[in-house]
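Subject: Structure handover

Hello,

Here is the structure I promised you. Please open it and keep it on screen while you read my notes.

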Amino acid sequence: LLSPYVAATTSGSIERSGSIVSIDYDAPRRGPLCVSVDETDSLKFVWEEWHNLHVMPDEDAYAECEFFEATMLAEASPNPAGYVVTTNGVGSMFFSCSKICSSNGHKVRVCVSGFRDEENECSVAKECTADRIHDLRRRTKETGSDGSSILPRRYNQGGAVCRPKNGDGYRIWSGIDTPKSCEEKCEVDASKCGAWEFENHNADNRECELHEKSVISVEETKAMGKCQITEDDVLGYKCCWILQEIIDAQEVTNDEFLKDAVKNTTGTLDPVEVTNDEILKNLATNTSG
């Protein structure tokens, strides 16, 4: 049996390696392909024949094989090393070879986002036969014992911006429509993402950043000040949302450290009964250096 992330085609395959989805671009010479991927994926088109690669401006141009406003990404030539395209937000992307688009239907529809096996434009596309519709999405919609959907992971406001800065996170997009869309990007990459930041403030144009679980600091993020949440959740918005389980884990670690520190001072505070602020004041009073 094929892996769920390897889809056989008439000639070649579509397969995933990490966040790279490789598409055999020779295969659509025998008819269109429809491929569903995650928002955090990149596409790698690989081919041995003399095709060119265009990204089409919209679905109409894709359907009619109209290349007037299409953008050529690669000229006609074998390309075994592959051409990489980064997916950009939610929706569909359209690719085609101008040489045999009309005669052979040499085109690829790519649908971005959603859960594995969830209906989208690719799964119902009329141009793709059932054996040429491929779902390479990794995220599944989990259900409880009664069949109802389990709630997604819970985030809480951490501070105005995520810290440590870490190069503006490990993934960044501009022009994202809402904070909710940014959260969904973090959910798609749940194995790695522990915090997301949305900014539509000053020079940041609806910017979405994702930050690793292993890097995000609750304490450093909190020190950046309170979130700026606006009425429409967009204009002037500035907030880093941290996964609640990370907040809980880091706060427990801090509590244990402070209480252990108090035990080693000459003060009389009971670590079980006092607050962190009281512990810190006691440390300042009873330690030197």
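One definition comes first: a residue is buried under 20% relative accessible area, exposed over 50%, and partly exposed in between. Take Lys 165. Its relative accessibility is 45%, so Lys 165 counts as partly exposed. Please also note that this is a predicted model.

Salt bridges

How many salt bridges does the structure hold? There are 13. I looked at some of them one by one.

Lys 165 takes part in one, with Asp 168 as its partner. Their side chains meet at 3.0 Å, N to O. Asp 168 has a relative accessible area of 27%, so Asp 168 is partly exposed as well.

Next, look at Lys 185 and Glu 39. Their side chains form a salt bridge at 3.1 Å, N to O. This pair links distant parts of the chain, 146 residues apart. Lys 185 sits in helix H3, residues 179-188. Glu 39 sits in the loop between strand S4 (33-37) and strand S5 (42-47). Are these two buried or exposed? Both Lys 185 and Glu 39 are buried.

Now find Glu 121 and Arg 109. Their salt bridge has its closest N and O atoms 3.6 Å apart. The two residues are twelve residues apart and link distant parts of the chain. Arg 109 lies in strand S10 (107-112). Glu 121 lies in the loop between S10 and strand S11 (133-135). Arg 109 has a relative accessible area of 4%, which is under 20%, so Arg 109 is buried.

Some salt bridges share partners. They join Arg 16, Asp 38, Asp 41 and Arg 138 into one network.

Nonpolar cores

The largest nonpolar core has 24 residues. Which of them have the most contacts inside it? They are Trp 196, Leu 210, Ile 216 and Ile 242. Helix H3, strands S14 (193-201), S15 (204-212) and S16 (238-243), and helix H5 (244-263) each supply at least two residues of this core. S16 gives the largest share, five residues.

Click on Ile 242. Leaving aside neighbours within four places in sequence, its contacts include Tyr 155, Ala 195, Ile 216, Val 218 and Ile 247.

There is also a second, separate core of 22 residues. Val 21, Tyr 25, Phe 45 and Met 93 are among them.

Best wishes

How values were computed:
Residues are numbered from 1 along each chain as its sequence is written. This is a predicted model: local features need pLDDT of at least 70, side-chain atom pairs count only at pLDDT 80 or more; totals for chains, interfaces and linings use all residues. Side-chain values use heavy atoms; hydrogens and water are left out. A salt bridge is a side-chain nitrogen of Lys or Arg within 4 Å of a carboxyl oxygen of Asp or Glu. Helices (H or I, at least four residues) and strands (E, at least two) are DSSP runs, numbered from the N terminus. Buried means under 20% relative accessible area, exposed over 50%, partly exposed in between (1.4 Å probe, protein chains only). A nonpolar core is a set of buried Ala, Val, Leu, Ile, Met, Phe, Trp, Tyr and Cys residues joined through side-chain atoms within 4.5 Å. Contact means heavy atoms within 4.5 Å.
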